[in-house]
Amino acid sequence: MNKTLSNRKFISIYEKVGILAILIIEIIVFALAKDNFLTVNNLFLVARQVSFTGIAAVGMTLVLLVGEIDISVGSILAFTGCLCATLMTKAGMPMLPTFLIAIAISCVFGLVTGTLTAVFRIPSLIATLAMQTIIKGCTYLMTGGASVPGLPDGYKFLGQGFLFSVVPVPVVVMLIIFLLGFLFLNKTYFGRRIYAVGGNKEAARLSGIRTRAVVIGAFVASALTAGIAGILMAARLGTGQPSTGADFAMDVLTAVVLGGVSLQGGKGSVLHVFVGSLIIGILSNGLVMLNVLEYWQWIIKGIVFLLAVAMSNLGSKSSK
């Protein structure tokens, strides 16, 4: 009994201040290890790097809150970036219609995945794994496996430019999406349905909530945010890269789980996910600055993900 109470107390403290403590410790460690870590240029680099993960993390949060998972976000990111690059450079299409088409197709991907999960009862891990492979194949067919260069400067500005010569444009987009995600989950009737479905799907159904529609909507939101991140990523790189996003899903999932979103659903906060995104972005930047071999970076990120999942599971058990 004492051990159980102790575990609950530890989890309670971790959920309140633990993630902020991790962020602060991480910043201190990298600042001490590298003198130029806290320079303005590097902080802007980190902020821009965080933005792509953070944007997709908002949509992923909705999926995890309903008790599902989406590992197709990396393929969607690559597809939308390559699609925009292809439509602009080879079809001569203006930016706005290109973006609308890319976002619409991303939402269709999410609609298909959500339908496979909610209607056909295919586990979301399997459904999104299949969609990941299908979308990746579509991307390579579209590009022939080669990058798509020649993006216009106006498009590159979205990934490389600064608003008011201060804040990177992707960071502004990320903050807007996090704000919208926070308002949606905490201030709307639909947001409460997300938590209800994740907390107990059968009870939510019996109370009149259309659980299938909620689950499908969560997957559409995840694909939408991944598509936006993909558009901005292509602008950042200045080219459509079909290989982009290979490890993107892992970074996004780690950020969300680090942010305290339960893998069992029904529990989590967008504000904490924002901090989790910062932790992952700073970790990636710090490891690169320390010249850590890329293979070791994969190992470290995998360990961080496992620790985040372990804490999530402990939190779920302690609440029972």
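**View 1. The largest pocket has a volume of about 780 Å³.** The model is predicted, so local features need pLDDT of at least 70 and side-chain atom pairs pLDDT 80 or more, while totals for chains, interfaces and linings use all residues. Residues are numbered from 1 along each chain, and side-chain values use heavy atoms, without hydrogens and water. A pocket is an open set of points on a 1 Å grid over the protein atoms alone, where a 1.4 Å probe fits, with protein on both sides within 12 Å along at least five of seven lines; lining residues have an atom within 4 Å of a point. Volume is the space filled by probe spheres set on the points. Of 26 lining residues, Gln49, Asp247, Asp251, Ser284 and Lys301 are the closest to the centre of the largest pocket. Its lining has 11 nonpolar, nine polar and six charged residues.

**View 2. The second largest pocket holds about 330 Å³ of space.** Closest to its centre, among 19 lining residues, are Leu62, Phe184, Gly217, Ala221 and Leu224. H10 contributes the most to this lining, eight residues.

**View 3. Phe178 and Phe274 form an edge-to-face aromatic pair.** Their rings are 5.2 Å apart centre to centre, with 80 degrees between the planes (pairs have ring centres within 6.5 Å; edge-to-face means planes over 60 degrees apart). Phe178 belongs to helix H7 and Phe274 to helix H12, so the pair ties together parts 96 residues apart in sequence (helices are DSSP runs, H or I, of at least four residues). Phe178 is buried at 6% relative accessibility, and Phe274 is partly exposed at 25% (buried is under 20%, exposed over 50%, partly exposed in between, with a 1.4 Å probe and protein chains only).

Note on methods. Ala, Val, Leu, Ile, Met, Phe, Trp, Tyr, Cys and Pro count as nonpolar, Asp, Glu, Lys and Arg as charged, and the others, Gly among them, as polar. Helices (H or I, at least four residues) and strands (E, at least two) are DSSP runs, numbered from the N terminus. Rings of Phe, Tyr and Trp (its six-membered ring) pair if their centres lie within 6.5 Å; planes under 30 degrees apart count as stacked, over 60 as edge-to-face and the rest as tilted.
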